[in-house]
Amino acid sequence: MVLFGLSIPSQPRAVFPTLSVMLLLTLIMLLPAATLQALKLDRESFVAGEQLWQLLTGQLVHHDWQHLGLNLLGLLVCWALFIDQQQGWRRWLGVPLIMLSSSLAQVYFDPQVRFYAGFSGTLYGLFAYCALTDTLQKRWLGALILIGVCGKVVYDIFTLPELSGLAFAAHAGGVVAGLSLAFLCKILTLNHS
């Protein structure tokens with residue numbers, strides 16, 4: 001398919017995984033408010049050893065439609081920039097690890113936030129994974145995006161006020177997991193060569 005003069009892959013393996021994640025996030029937002037609240041990551045419950053599943057579900061729910069819309073837009077941008085890294089389901093197998101890393105970082109490094117919700121930590125991790133993978137394949141746009149993503153995380157950590165509401169710790173946790181997965185995939189690929 002050609003859109004705005006750009007050739008965009010339209011085969012199911014290129015489109016289906018990202019669209020499936022977007023649909024899942026949207027359908028979850030349609031759940032009743034009480035259910036959404038129960039799915040958010042409740043820091044106090046987690047620290048008490050309860051509702052550990054919220055480490056994953058907290059990444060899938062959003063505070064409101066605008067919050068969801070921004071994350072869906074981020075997913076589309078990531079897909080458009082890094083379509084080669086997101087084709088097929090195999091590349092998405094590391095996403096639960098990014099989700100866990102993002103949630104754990106939020107719990108342990110930003111104790112002022114009691115309830116965490118949103119896909120942005122995972123999204124930062126996806127950007128980091130894809131950008132580093134591109135960089136390791138000598139695609140230099142990936143290197144520029146990687147510098148931008150890491151720079152934004154470092155900037156947020158050192159400049160955001162404590163009660164800004166931005167989940168900078170979740171973003172940082174996602175980036176660390178995304179980078180780790182990209183390196184691990186590269187090492188495993190080298191071992192199979």
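Reader: Is aspartate 156 buried or exposed?
Author: Aspartate 156 counts as buried, because its relative accessibility in this predicted model is 3%, below the 20% cut-off.

Reader: Which side chain does aspartate 156 meet in a salt bridge?
Author: Its partner is lysine 152, at 2.5 Å from N to O. Lysine 152 counts as partly exposed, with a relative accessibility of 35%.

Reader: Where do aspartate 156 and lysine 152 lie?
Author: Both belong to helix α8, which covers residues 140-159. They are 4 residues apart, about one turn of the helix.

Reader: Why does that spacing matter for the way residues point?
Author: An α-helix has 3.6 residues a turn, so residues three or four places apart point the same way.

Reader: Which residues of α8 are buried?
Author: They are Gly142, Ala143, Ile145, Leu146, Val149, Val153 and Asp156.

Reader: And what distance does α8 reach from its first C-alpha to its last?
Author: The helix has 20 residues and reaches 28 Å, close to the 28 Å expected at 1.5 Å a residue.

Reader: Turning to the rest, how many salt bridges are found in the whole structure?
Author: The search finds 4. One of them joins aspartate 42 to arginine 114, with the closest N and O atoms 3.0 Å apart.

Reader: Where in the chain do aspartate 42 and arginine 114 sit?
Author: Aspartate 42 is in strand β3 (residues 41-42), whereas arginine 114 is in the loop between α6 (95-109) and β4 (115-116). The pair links distant parts of the chain, 72 residues apart.

Reader: Is aspartate 42 buried or exposed?
Author: Aspartate 42 is buried, at 8% relative accessibility. Arginine 114 is partly exposed, at 37%.

Reader: Which salt bridge does aspartate 134 form?
Author: Aspartate 134 pairs with arginine 139, the closest N and O atoms being 3.2 Å apart. Aspartate 134 counts as buried, at 7% relative accessibility, and arginine 139 as partly exposed, at 34%.

Reader: A change of topic: which residues make the nonpolar surface patch?
Author: Leu73, Val77, Leu81, Leu141, Leu144 and Ile147 make a patch of about 580 Å².

Reader: Which elements give two or more residues to the nonpolar patch?
Author: Those elements are α5 (65-81) and α8. Leucine 73, for instance, has its place in helix α5.

Key. Residues are numbered from 1 along each chain as its sequence is written. This is a predicted model: local features need pLDDT of at least 70, side-chain atom pairs count only at pLDDT 80 or more; totals for chains, interfaces and linings use all residues. Side-chain values use heavy atoms; hydrogens and water are left out. Buried means under 20% relative accessible area, exposed over 50%, partly exposed in between (1.4 Å probe, protein chains only). The expected span of a helix is 1.5 Å times one less than its number of residues. Patches are made of residues with over 30% relative accessible area and no salt bridge: like charges are joined within 9 Å, nonpolar side chains (Val, Leu, Ile, Met, Phe, Trp, Tyr) within 5 Å. Accessible areas come from the Shrake-Rupley method with a 1.4 Å probe; for residues, only the protein chains shown count as cover.
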